[in-house]
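Hi,

Here is the structure I promised to pass on. Please have a look at it first; my notes follow below.

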Amino acid sequence: MISVLIGSNVFLSFVVAPVLFSNFDKIAAGSIMQLIFPYYFKINWILGIVIYTIIGVLSFKDKEIVKSLKWFLVSIGAIVILNMAQDRSLLPMAQSIQNQYVQALEEKQNEKAKVLYSQFSTVHKVSSFVNITTMILEIFLLYNFLSFLKFSRNKL
């Protein structure tokens with residue numbers, strides 16, 4: 001599941017988005033991304049909750065697992081919160097601004113469109129920062145989990 005988190009993040013960030021924005025105009029590519037993002041963010045925070053739940057269930061058998069995976073659990077919690085923030089806050093803001101921007105362009109309100117574009121850029125920068133932070137946390141999770149497995153095997 002951790003690999004799915006990393007893979008989806010890397011694929012969306014470094015394959016899907018660049019391909020869309022290099023083959024379509026900004027508005028069309030942005031509209032397509034608006035269709036993808038709600039699913040992407042929801043899947044990511046749901047996967048995080050599933051991982052958290054699995055560790056919780058495993059802790060009934062082995063109480064030490066929570067101590068061993070303390071930073072892992074903190075990281076997965078942060079990933080869940082960041083993806084929820086993207087899904088519930090940043091995405092709706094970006095969608096609203098983008099819709100207003102498109103409407104301003106259609107109505108030839110160039111000054112209003114410039115202001116909206118600037119607002120969208122700010123939200124996009126915050127969202128990109130959150131996405132990169134999430135990717136770093138996901139890589140940390142994978143490293144932490146693999147280290148835990150190696151340590152667990154060496155104990156046996």
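The protein chain has five helices and zero strands. Read from the N terminus, the order is α-α-α-α-α. Keep in mind that this is a predicted model.

Overall shape first. Along the principal axes, the C-alpha atoms fill a box of roughly 70 × 25 × 20 Å. The radius of gyration of the protein chain is 19 Å, whereas a compact globule of 156 residues would have one near 15 Å. Of the 156 residues, 35% count as buried. The accessible surface comes to about 9,900 Å². Carbon and sulfur atoms make up 69% of that surface.

Now the contacts. Take those in the protein chain with a separation of 6 or more: 74% of them join residues 24 or more positions apart.

Next, D25. Where does D25 sit? D25 is in the loop between helix 1 (2-23) and helix 2 (26-61). The side chain of D25 has a polar atom 3.0 Å from the backbone nitrogen of I27. For the backbone nitrogen of A28, the distance to a polar atom of the D25 side chain is also 3.0 Å.

Last, the aromatic residues. How many aromatic pairs does the structure hold? There are five. One of them is F37 with Y40, a tilted pair with 6.4 Å centre to centre and 55° between the planes. Both residues lie in helix 2, three residues apart, which is about one turn of the helix. F37 is partly exposed, with a relative accessible area of 23%. Y40 is at 8% relative accessibility, so Y40 counts as buried, the cut-off being under 20%.

Y40 also pairs with F41: the ring centres are 5.2 Å apart and the planes stand at 55°, so this pair is tilted. F41 is buried, and so is Y40.

Best wishes

Terms used:
Residues numbered from 1 in each chain as written. Predicted model: local features only at pLDDT ≥ 70, side-chain atom pairs only at ≥ 80, totals over all residues. Heavy atoms only, no water. Helix = DSSP H or I, 4+ residues; strand = E, 2+ residues; numbered from the N terminus. Polar contact = N/O pair within 3.5 Å; in protein donor to acceptor, adjacent residues only side chain to side chain. Phe/Tyr/Trp six-rings, centres within 6.5 Å; stacked < 30°, edge-to-face > 60°. Buried < 20%, exposed > 50% of the residue type's maximum accessible area, 1.4 Å probe, protein only. Rg over C-alpha atoms; globule rule 2.2 N^0.38 Å. Contact = heavy atoms within 4.5 Å. Areas by Shrake-Rupley, 256 points an atom, 1.4 Å probe, with all protein chains shown as cover.
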